[in-house]
Amino acid sequence: MSINKLAKKNLVTLFFLFGFSINISAETVALIGTGSVSSALGPKIANLGHKVIYGSRNPQSDSVKLLVEKTGPNSSATSQNLAVQDAQIVIIAVPWDVAEEVVRNLGDLSGKIIIDPINPRIMSDDGFVDYPSNMSISEKIQNIAPEAKVVKAFNTLGADTMANPDLVKYPITIPVVGNDRSAKLTVMALIKALGFNSVDLGPIRFAHIVEGFYLLRANARLYGQYFEWYLFPTTTREQYSGPNNVKF
Ligand SMILES: NC(=O)c1ccc[n+]([C@@H]2O[C@H](COP(=O)([O-])OP(=O)(O)OC[C@H]3O[C@@H](n4cnc5c(N)ncnc54)[C@H](OP(=O)(O)O)[C@@H]3O)[C@@H](O)[C@H]2O)c1
């Protein structure tokens with residue numbers, strides 16, 4: 001069935017953190033990698049009515065078969081590059097140090113929405129996780145696939161929380177960056193449908209800052225501070241500026 005027909009059949013109106021709405025249609029979503037993130041998101045995305053295809057190096061392995069079984073009848077597993085072929089949305093859920101090679105091997109990604117949840121990090125001598133590069137992995141992926149619509153999202157929260165947002169008392173905010181506003185709105189609609197809030201923080205050149213959100217969160221744990229990012233939404237500039245209406 002074409003995506004247009006699917007769109008007519010399965011339109012969902014969703015409302016966002018900052019008061020706007022968008023329609024999201026049923027999509028084919030490829031999840032590359034079958035680790036914690038794909039295992040958390042895949043079943044929930046299938047549950048929303050989307051077709052889920054896992055891209056794995058070992059699609060016939062017992063663990064991948066189990067994941068497909070858990071995800072339901074609207075899912076399957078195949079090789080990484082076959083998985084993306086019919087997908088409108090591709091989630092690259094692989095370790096940061098293989099991500100560029102993985103994306104290069106996926107073939108033509110033009111026009112597809114690429115969701116990048118990847119957190120590049122190295123361990124510093126003092127025990128803190130640190131940034132391994134001057135450029136975000138999102139920008140590197142965008143450079144490899146210039147016609148794809150890369151959206152950084154889902155990197156700032158734990159896979160356990162992705163699977164179960166109710167683990168946290170307040171709705172978690174997922175920061176989103178990317179150059180294509182329409183692609184970001186689609187990803188934000190998906191985020192909302194999965195039970196989270198989102199906030200658009202601008203173009204892909206700010207992805208390294210969003211990747212920093214993860215580093216800060218990981219390093220806070222060294223002091224016994226565990227949290228997920230939650231932004232309190234305000235509706236007007238006046239409200240944001242406070243009772244004295246301070247201008248800035
Ligand atoms: N875990 C979290 O809480 C969390 C939260 C936010 C963001 N992230 C980020 O999301 C990404 C995925 O995290 P994860 O925890 O799901 O990782 P993971 O559990 O290690 O799984 C990654 C998957 O990538 C595939 N893979 C591994 N090595 C590969 C290679 N050399 N070439 C191609 N594919 C390979 C494997 O799938 P197959 O064996 O099926 O090929 C593997 O299951 C990471 O970049 C991480 O930084 C993780």
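Reply: In this predicted model, the place to begin is a bridge: Lys-152 has Val-177 of β11 as its bridge partner. That contact belongs to the pairing of β10 with β11, which is antiparallel and has two bridges. On the path onward from β11, the chain passes through α8 to reach β12, and this β-α-β crossover is right-handed. Strands β11 and β12 (residues 197–200) run parallel and are joined by four bridges. One of the pairs is Ile-174 with Ser-198 of β12.

β11 covers residues 173–178, and six of its six residues are buried, so the strand is largely enclosed by the rest of the structure. Both of its faces are covered: Thr-173, Pro-175 and Val-177 point one way, Ile-174, Val-176 and Gly-178 point the other way, and all are buried.

The neighbouring parts can be followed from here. The largest nonpolar core has 57 residues, and the members that touch the most others are Ile-32, Val-90, Ile-91, Ile-92, Ile-114 and Val-187. Helix α8 (residues 181–193), the helix of the crossover, gives the most to this core, with seven residues. Leaving out residues up to four places away in sequence, Ile-91 touches Val-29, Leu-31, Ile-32, Leu-41, Ile-115 and Pro-117.

Strand β10 (149–152) also has a helix against it: the buried residues of α6 pack against β10, as well as against β6 (89–92), α5 (96–104), β7 (113–116) and α9 (207–220). Helix α6 spans residues 137–144 and is mostly covered, with six of its eight residues buried. Those residues are Ile-137, Ser-138, Glu-139, Lys-140, Ile-141 and Gln-142.

Methods. Residues are numbered from 1 along each chain as its sequence is written. This is a predicted model: local features need pLDDT of at least 70, side-chain atom pairs count only at pLDDT 80 or more; totals for chains, interfaces and linings use all residues. A residue is buried if 20 or more other C-beta atoms lie within 10 Å of its own, exposed if 12 or fewer, and partly exposed in between; C-beta atoms are placed from the backbone. Two residues are in contact if their C-beta atoms, placed from the backbone, lie within 7 Å. A nonpolar core is a set of buried Ala, Val, Leu, Ile, Met, Phe, Trp, Tyr and Cys residues joined through C-beta atoms within 7 Å. Two strands pair if DSSP finds at least two bridges between them. A crossover is right-handed if, with the strands pointing away from the viewer, the path from the first strand over the helix to the second runs clockwise.
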